[in-house]
Amino acid sequence: MNKARYLIFFQYIGTKYRGAVKVPPHAQGKRGEKGVQDHLEDAIEGLRPLNPVTLSVSSRTDTGVHALCNSAHFDLQRRNDKSPFTEDVLVQALNFHLKAEQIRITQAYRVPDHFHARHHAQSRTYVYQIALGISHPSLLPLTDFDFCWNLHNTALDLEAMHEAAALLVGTHDFSSFRAVNSDIHFKNPVKTMDAVTLQPGCSFAQAHFHREIPFWELTFTSRSFLYKQVRRMTGALVAVGQRRLSVRQLKEILEARDTRAYPQGMAAPAHGLFLTRVDYRETDLRFSPQLSEEQNSD
């Protein structure tokens, strides 16, 4: 059998999409708003596979969130017993069918038949971009419009933010930093944050713009995250930087382990958030044609 499993890495501007995963037809609204997965599956269907197309996305980014690197796996069996696509040809073919969308495939791997994009991911990294001293988004360069959180403040208490970020590193019950959704009773709220860092950011337009805009980036790395956890952590850290929340109060919110302990309206908006990395072990990605033939013959 010529069925092949592929892992694809893809990026997208999330502004016009209802998040990364599939949106049921009844939930698409009058404008037919779809998720990134819907468009990816349409592109795979454009390759005329013999098998039904089902895509498994590794990271469920929310409506309006962007990705420089998300990933997914799927199986593809070509018609007329044609051999599987090479990885480079697959990337080109999918991008041909995606050209009307703000979605692009960046890389593809043929992977073992048991590989799973979500379960085999070792870590995920999100970056949140903040612009300071901007009273309205229209004052941003076009290259940053819809890609950062514009704050009126020209300064943040960076020392307090670093101290608060350090409290989030390690293994904790992050119940206070997750929003309510249908999975709330099924997902373990205990997560291990490998890194929470704050560093200066930059704008592509900086050298060409008529005034200097300070940018800062918050980076979060963990194997997995809870629903809206990154946006809630970002909002709390910014509140500490603006001295609307003390480091001690942030610690109390974390230790409350209760979503109701998180202050209303504090979460950061979606448009400043980017999924930037999904990491895998190289050994998990390694495809062996011989092993695949043995499994298919069993």
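# Salt bridges and a buried helix face

User: Is Arg5 buried or exposed?

Analyst: The relative accessible area of Arg5 is 15%. The classes, from a 1.4 Å probe on protein chains only, are buried under 20%, exposed over 50% and partly exposed in between. By that scale, Arg5 is buried.

User: Which residue forms a salt bridge with Arg5?

Analyst: The model is predicted, so local features need pLDDT of at least 70, side-chain atom pairs count only at pLDDT 80 or more, and totals for chains, interfaces and linings use all residues. Residues are numbered from 1 along each chain as its sequence is written, and side-chain values use heavy atoms, with hydrogens and water left out. A salt bridge needs a side-chain nitrogen of Lys or Arg within 4 Å of a carboxyl oxygen of Asp or Glu. Here the closest N and O atoms are 2.7 Å apart, and the partner is Asp75.

User: How many salt bridges are there by this rule?

Analyst: One of them joins Asp75 and Arg5. Lys228 and Asp62 also meet in a salt bridge. The count comes to 14.

User: How many residues apart in sequence are the parts that Lys228 and Asp62 tie together?

Analyst: Their side chains meet in a salt bridge at 3.9 Å, N to O. Lys228 lies in the loop between strand E9 (215-222) and helix H4 (229-241), and Asp62 in the loop between strand E2 (56-57) and E3, so the parts tied together are separated in sequence by 166 residues. Helices (H or I, at least four residues) and strands (E, at least two) are DSSP runs, numbered from the N terminus. The separation asked for is 166 residues.

User: What is the relative accessible area of Arg260?

Analyst: Arg260 meets Asp258 in a salt bridge of 3.1 Å, N to O. Asp258 is partly exposed, at 24%. Arg260 is exposed, at 72%.

User: What arc do the buried residues of H3 cover around the axis?

Analyst: In helix H3 (residues 158-168), the buried residues are Ala160, Met161, Ala164, Ala165 and Leu168. The arc puts them on the same side of H3. Taken from the directions from the helix axis to the C-beta atoms, the arc is only 135°.

User: Which elements do the buried residues of H3 pack against?

Analyst: Contact means heavy atoms within 4.5 Å. The partners are strand E7 (170-173), strand E8 (190-200), H4 and helix H5 (247-256).

User: Which residue just after H3 takes a positive phi?

Analyst: H3 covers residues 158-168. The phi is about 105°, and the residue is Gly170.
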